[in-house]
Amino acid sequence: MTSSDLTGTDMTARFRALHVPGDPLLMPNPWDEGSAKALATLGFAALATTSSGFAATAGLVDGAVGAVDTLEHAAAVALCVDIPVSADLEDGWGDDPGEVASTVAEAVESGLAGCSIEDYSAGADPEIHDIGLAAERIAAAADAAQEGRGLVLTARAENFIRGNPDLGDTIERLQAYQEAGAEVLYAPGLVRLADIRSLVSSVDRPVNVLLMPGMAPIEELADAGVARISVGGTFSAVAFGALARAARELKEQGTYGFFELAREGRELTTRAFRLH
């Protein structure tokens, strides 16, 4: 349990207030409770789960974890820290708007401050949903997100990471999701600063961007009006990268220069982890 005395409603309001265009919230993505506690200890104001990072903890690829395990994981992450947590709920595990609404309703009851819903179905026949159905799904999710303690709903347009880098269609979709009730808009895969500026200027909701290689520095993203910045599964991949480097050094060189990195990690976990 955390020591926070904030109610669920307070936590959601706190999360909502952190979305300021031009002063972006840096929201990293932990992949388990330990990494969540570590990131909170490092001073971040909010966190978001990562579907790919969580799947990796079970040796699975992104999209291979179902709704039950994902919601349980997100609830556990939210419970273990004193800051707002938003959940990556992928496509809501259902094409039908009612199914998506049920998923978001469960998220509301799980102690989360926010969640995201994609317009891409990764099922047996992967596809980007028709814009009309996609907007209906966001509308149903938005209604569910307003019940009880409520949470901040982020709508994701998946074009740029699903083989359809169409900026015009992406903007049109996010405008439709805005009208459907989404509080935050997100098009992962946008890299060019001009494209990000165009998106931000075309909508009336806070915009999240996913950090990717070749993007402008944080200062320029802030100047473009971005309100939130996340890293997706990148920090999880960094952890695996550090593991690979240390393992190769031991196996191929017979040396162990990785103890300095291990020391830094132990110092962090000593600060972040408690007995209970």
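## N159 and its contacts

In this predicted model, N159 touches I128, N164, P165, D166, D169, T170 and R173, leaving out residues up to four places away in sequence. N159 sits in the loop between β7 and α7, a helix that spans residues 167-180.

Is N159 buried or exposed? Its relative accessibility is 0%. Buried means under 20%, so N159 counts as buried.

## P165 in the loop

P165 is also one of the contacts of N159. P165 lies in the loop between β7 and α7. Its relative accessible area is 60%. The cut-off for exposed is over 50%, so P165 is exposed.

What does P165 touch, once neighbours within four places in sequence are set aside? The contacts are N159 and F160.

## The largest pocket

Rolling a probe the size of a water molecule over the atoms shows where empty space is left. The largest pocket has a volume of about 830 Å³. Its lining holds 22 residues. Closest to the pocket centre are A239, A242, L261, G265 and L268.

Which elements give two or more residues to this lining? They are α2 (33-41), α10 (234-253) and α11 (259-272). The largest share comes from α10, with eight residues.

By class, the lining of the largest pocket has 15 nonpolar residues, four polar and three charged.

## The second largest pocket

The second largest pocket holds about 630 Å³ of space. It is lined by 38 residues. S51, D62, D88, E118 and R156 are the closest to its centre.

Two or more lining residues come from each of these elements: α3 (51-57), β3 (85-88), β4 (114-118), β7 (152-156), β9 (207-210) and β10 (228-230). Which of them gives the largest share? It is β3, with three residues.

How does the lining of the second largest pocket divide by class? There are 14 nonpolar, 15 polar and nine charged residues.

Note on methods. Residues numbered from 1 in each chain as written. Predicted model: local features only at pLDDT ≥ 70, side-chain atom pairs only at ≥ 80, totals over all residues. Heavy atoms only, no water. 1 Å grid on protein atoms, 1.4 Å probe; cavity = no way out; pocket = protein on both sides within 12 Å on 5 of 7 lines; lining within 4 Å. Points joined across faces, edges and corners; volume = space filled by probe spheres on them. Helix = DSSP H or I, 4+ residues; strand = E, 2+ residues; numbered from the N terminus. Nonpolar A, V, L, I, M, F, W, Y, C, P; charged D, E, K, R; others polar. Buried < 20%, exposed > 50% of the residue type's maximum accessible area, 1.4 Å probe, protein only. Contact = heavy atoms within 4.5 Å.
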